Amino acid sequence: MTLYIIDLTVPANTSQTQPVEQTIKIEEEVVVSVSCFFPAGCRGLVYTAVYYGEEQIFPRPHGKYLRGDNETIGWQEYYELPEVPCILTIRAWSPGTSYDHTITWRINALPRKYAFWWVNIYRLLSFISRVFTVFGRRG
């Protein structure tokens, strides 16, 4: 599995019509997990999303954006990239802010031949964990 880490500094008062952008080249075929860290002080005023060309791919649907404060928003994914290597663009903006903020994106990717098994084993283990947690609370 390859972990791609992108630190993106968003200048104070960056508008949505002129977002800061950074590209990343993914060498594998499938994205299997994604997360974005917002440090303390962002206060939900820094917005961000990932695009393939002009198509917004994370988060979905188009027009929804990640934002947060002192938190990591992350999820498991199975997104087959349209080409290999694939150039993705991270865009971010922060209208009305007084300070620069640096957010951190983490994208895990795998070759297609491993991704299917990775995602399904992860789902199975998550299910088993939830079942034992529920039974543990009853006892």
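This passage walks through the fold of one protein chain, from its overall layout down to a few side chains.

The model is a predicted one, so local features need a pLDDT of at least 70, side-chain atom pairs count only at pLDDT 80 or more, and totals for chains, interfaces and linings use all residues. Residues are numbered from 1 along each chain as its sequence is written, and side-chain values use heavy atoms, with hydrogens and water left out.

Let's start with the big picture. The protein chain comes to 1 helix and 8 strands, where helices (H or I, at least four residues) and strands (E, at least two) are DSSP runs numbered from the N terminus. Reading along the sequence gives the pattern β-β-β-β-β-β-β-β-α. The C-alpha trace spans about 50 × 40 × 25 Å along its principal axes. Of the 139 residues in the chain, 38% are buried; buried means under 20% relative accessible area, exposed means over 50%, and partly exposed is in between (1.4 Å probe, protein chains only).

Now to the sheets. In general, strands of a sheet pair through backbone hydrogen bonds, either parallel or antiparallel. Here, two strands pair if DSSP finds at least two bridges between them.

Strand S4 (residues 47–52) and strand S5 (residues 55–58) pair in the antiparallel sense over 3 bridges, and Val50 stands opposite Phe58 in S5. These two strands form a hairpin with 2 residues between them, and Gly53 in the turn has a positive phi of about 65 degrees.

Another open sheet also has 4 strands, this time in the order S1-S8-S3-S6 with antiparallel pairing. Its edge strands are S1 and S6, each of which pairs on one side only. The twist in this sheet averages 15 degrees from one strand to the next. S3 and S8 pair in the antiparallel sense over 7 bridges, and Phe37 has Thr104 in S8 as its bridge partner.

Not counting residues up to four places away in sequence, Thr72 touches Ser35, Cys36 and Phe37. Thr72 and Ser35 are 37 residues apart in sequence, yet their C-alpha atoms are 6.6 Å apart in space.

Next comes the inside. A nonpolar core is a set of buried Ala, Val, Leu, Ile, Met, Phe, Trp, Tyr and Cys residues joined through side-chain atoms within 4.5 Å. The largest one has 26 residues, and Ile26, Leu88, Ile103 and Trp105 touch the most other members. The elements giving two or more residues to this core are S1 (2–10), S2 (20–26), S3 (30–38), S5, S7 (86–93) and S8 (101–110). Leaving out residues up to four places away in sequence, Ile26 touches Tyr4, Leu81, Pro85, Cys86, Leu88, Ile107 and Ala109.

Finally, the aromatic rings. Rings of Phe, Tyr and Trp (its six-membered ring) pair if their centres lie within 6.5 Å; planes under 30 degrees apart count as stacked, over 60 as edge-to-face and the rest as tilted. By this rule there are 4 aromatic pairs. One of them, Tyr47 with Trp93, is stacked, at 6.1 Å centre to centre and 10 degrees between the planes. Tyr47 lies in S4 and Trp93 in S7, so the pair ties together parts that are 46 residues apart in sequence. Tyr47 counts as partly exposed at 22% relative accessibility, whereas Trp93 counts as buried at 4%. Tyr47, Tyr65 and Trp93 form one aromatic cluster. There is also a charge over a ring (NZ of Lys or CZ of Arg within 6 Å of the ring centre and within 35 degrees of the ring normal): Arg91 lies over the face of Tyr51, at 4.2 Å from the ring centre.

Methods
Contact means heavy atoms within 4.5 Å. Axes are lines fitted to C-alpha atoms, for helices over the stretch in contact, and angles run from 0 to 180 degrees between N-to-C directions.
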